[in-house]
Amino acid sequence: MMDRLWELQLKNGCISDHDIKQLAADFGLAEIEVEGVVSFYHFFHRKPTGRYTIYLNNSIVADHKGYNRIKETLERETGATFGSTDRTNTFGLFETPCIGLSDQEPSALINFYPFTNLNAIKVKDTIAALRRGADVESLADLPADNIRYAPPGGTVFFRPFTPGSALTRAAKLGADGVLEELKKAELSGRGGAYYPTWKKWNAARSQPATPRYVVCNADEGEPGTFKDRVLISTQPESLIEGMMLCGYAVGATEGIIYLRGEYRWLKPRLDDAINRYRAAGLLGKICGNIQGFDFDIRVQMGAGSYVCGEETALLESLEGKRGEPRTKWFFPVEKGYLQQPTVINNVETFCAAARIVETGADAYTQLGIPGSPGVKLLSVSGDCRLPGIYEIEWGMTVAELLELCEADDPYYIQVSGPSGECISIKDKYRRISMLDLLARKDIRSGGSIMVFSRQRDLVKVLLNFAEFFKSESCGICTPCRAGNFIIQRKLERLNNGLANQQDLDELKQWGLIMKNTSRCGLGKTATNSLIFAMDKFADYFHTRIDKDAHSLNLKFDLEAATEAYEKYKP
Amino acid sequence: MKQLVNIIIDGKSIQAEKGKNLMLVAKENGIFIPSLCYYPHIEPPLGTCRTCTCKINGRYQPACTEKVDEGLTVEVNTPELNDTRKALVEMMFAEGNHICPACEKSGNCDLQHMGYELGVSSTRFPHLFKDRVVDFKPSRMVMEHNRCIKCMRCVVEVKTNDGRQVFEYQNRGNETYVGIDYEQEARLSEEQAVNAMHICPTGAIIVRGVSMSAPFGERRYDMESVQHDYNKKRQQHRKREAVMGKKIVATVSLAGCFGCHMSLLDVDTELLDLVELVSFDKSPLTDFKTFTSRCHIGLVEGGVCNSENVETLRKFREHCDILVSLGECSIWGGLPSMRNSIPLSECLEEAYLNSATSEAGASIIPYHEDLPKILDRVYACNEIVKIDYHIPGCPPDANHIWKAVKNLLWGEEYSILYSEFKYD
């Protein structure tokens, strides 16, 4: 279903009523079901989106790097306004949350090709070239990988990878041996939940049902994260091989890479690598000459939805449905994709697994600190001179990292994106490890670090996050759907200077209610940074409220409230 | 062979069948866990409304997605959990546009009922007033999107004979709504359509012509609470210091219909007692235009729709020790707030220029410096000043008003019976 929808969207710029009818007939569904799927994903449209569809990233990092300027320029140059197309239907302008290019903002996608480090002149030239009929692909940028740092002993992730090397060793170790290696290396899920990888694989392996599936979650939607982009771009082989190891260990026959729609431009690279593997006899039947091991991999495109990074929502999406998270009635390892046992891991986890098996767990555990061995990729962006990927040994302090990236007067550091934790510069000696920062309970963390300087307005940052969650909630559970909306309204009040102490107390209480009652990680973590920020920056929040806290009169902006009526003044 | 396991709910040991849904086990043992989306025969459970959230083995989890297993320890009735559940129901009221007095489902509505059971008298959240369009296009049904709580029951349950869905979620985030397929809807039998209306926990799915088949007074939730200990739970002991001497009361109707004042008069013969005990200062009952003294209690009917309302309300706050919101309009905007999701210009143009009763060629929308300025939307009183108490209802029952006021003034014990905590 998703493939058909993509095909139509790319060909016609929209999915028409006629298409909906056709799809419903082909899949034996009611039209409303097809419409439900289409309307869930923001890269699918029901109205034409122009010959050139431009998605400008509106994340907070982009905002700080001049997003508004680009937005204005785009509107002026194309003659379209955001959310629609121009009269001739040549250009369509849309906003989209983080597109995984936080290290080279402001950035945009034009017909799903990346354009990075935008400025007014570049926008002007690009639009002019497109008007002259230039090819989008040839105009597009090839985003820099920006790998800035590797451990002193050499990189683990970014060495060249010889296809088949890990698999050959795995064949010697046997399935049990592979799990044993991962256990020794204490590898845990790098999507952010940090569940021990060997346990997950082992659980899937002990399920009676077949076929079993291996799914790679390449839907890193957390604003500020882009490590998977760089891994896919530079290391497709180790990703593929990591998935194969998993397939070998759990007895799966098919692997699927769920690639986020924003990374459509990376799909050819993945497909090429997969084809090379097939040609080398490493994928397909009897992979790598291992008797009885048949395994193949395909890439499935997502279509713009943050919540699909949640593993069960991702499964729904893979099945061509709306990306609504399932309840925890079953775990994916019991009943996952098509109700069959399924292992879902992040790109980085598979890459790490391939490296661990390639070199052996002992070499890997030499790095890092006790209880948290090995290395971790961090996506660093924001107010620093050297944004990019930092491959750190676990245990590095925040202070060291800030120095490496040449942070500019850092004050407020957002760890793990909007759903993570924010820390103050006062906490800079905390260690980044699975024991402290990054893997605390209830916080998902893919490992993004956004640095904000003292000049940035914290309330605006949080408001940007709230708006993100408000529109990215899947909308089926009450606390997340309504709660994020309510929190966003309240933050607006705070931003407009109308809030008092009671409003702050309520924000915190309501945030906790959402955390305790939401259905999936999105709602549970949506208010994390807000709650942390209010604790750590209490003084700052105090400066933003109406001090007259005991007043029986609340602040009310009468001028704003009567503005609409004033236009009838004769 | 059914395997029995031991679990503990609120300190009480219970034996139950292993793997059975916790909601069912609790119900069989007379323990009330509120829920709006749960249906025993839907598996896996929907888990969308989250009002059954409990603490299970120390973690917050909805009861409906929990399979009973040996040693399970569940907390249901703690003050914190009860408040959390109440908050979730309040959230639904704040998110939708629920106008119970104008709803066909009133009295048969699970959401409204849950509001009563949990003692919701006002929502702590600001009402969001999202513009939602009522869909009249289906051949037999009306989709009232204002009332939908997105519980997913109809999405999963209502299917045509050949297994096609009739309802499906559309969009996502705060734009989510449940769409209806016109073609499939037409293929449902009459019985299936009526069933769809009944499984809807609110009045979002209405089948034309049969929505009012049970008259008010004979509806599901009219008189009895499902909680045997409801009245005990609702007992609130609020001792206030008694005020000596005759009490002074002020009342006002802002953007309201004077219905709450009418209800006040319905106190009937007790009015005679009342005049012995209280005297009225500024009030439509006395026609005093300004305050002549400080008042013990101020009763405010109606929300705030213009600049004069803002001023009057601020005066009330200044002159009254206790300020009480009386009725729905005052609490969150009520009926007048139906305009909140529509731009002001559209409302004014409709009222003064384009309505059936406006004169041909009318071109003037009144504006004069002596006239109060109309606000962009109707605000709840507690958005302008601090409100101490809320008396809900449209209008609140006379006896309830009297009882509440009496309790506030003389600091008596305060408890509401289920039958009194009903407002339609």
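Modeller: B:Ser253 stands opposite B:Glu301 in S13(B). This is a predicted model: local features need pLDDT of at least 70, side-chain atom pairs count only at pLDDT 80 or more, and totals for chains, interfaces and linings use all residues. Residues are numbered from 1 along each chain as its sequence is written, while chains are lettered from A and ligands numbered from 1 in the order in which they are written.

Now look at the strand itself.

Which strands pair with S13(B)? One is S11(B), residues 247–253; the two run parallel, joined by five bridges (strands pair if DSSP finds at least two bridges between them). Another is S15(B), residues 320–326. The pairing of S13(B) and S15(B) is also parallel, over six bridges. One link there joins B:Val300 to its bridge partner B:Ser325 in S15(B).

Step back to the chain. Chain B holds 13 helices and 17 strands. Its C-alpha atoms fill a box of roughly 80 × 60 × 35 Å along the principal axes. Of its 424 residues, 44% count as buried. Take the contacts in chain B with a separation of 6 or more (two residues touch if their C-beta atoms, placed from the backbone, lie within 7 Å). Of these, 73% link residues 24 or more positions apart.

Chain B also divides into domains (bounds come from an automatic or database assignment). Domain 1 is 4–77, domain 2 is 97–230, and domain 3 is 235–341 + 374–410. The centres of domain 1 and domain 2 of chain B lie 25 Å apart, taken over C-alpha atoms. Where these two domains meet, domain 1 of chain B gives 10 residues and domain 2 of chain B gives 15 residues.

Next comes the partner chain. The contact between the chains takes 54 residues from chain B and 46 residues from chain A. On the chain B side, the elements that give two or more residues are helices H2 (79–95), H5 (182–187), H10 (307–319) and H12 (344–354), with strands S8 (167–170), S9 (177–180) and S16 (374–379). The largest share of that side comes from H2(B), with seven residues.

Finally, compare a sheet in chain A. Five strands form an open sheet there, in the order S2-S3-S1-S4-S5, and the pairing is mixed. Its edge strands are S2(A), 84–85, and S5(A), 113–115; each pairs on one side only. Inside the sheet, S1(A), residues 52–57, and S4(A), residues 108–110, run antiparallel and are joined by three bridges. A:Ile54 stands opposite A:Ile110 in S4(A). Back in chain B, S13(B) has parallel pairings with S11(B) and with S15(B).

Definitions and conventions:
Helix = DSSP H or I, 4+ residues; strand = E, 2+ residues; numbered from the N terminus. Buried ≥ 20, exposed ≤ 12 C-beta atoms within 10 Å, placed from the backbone.
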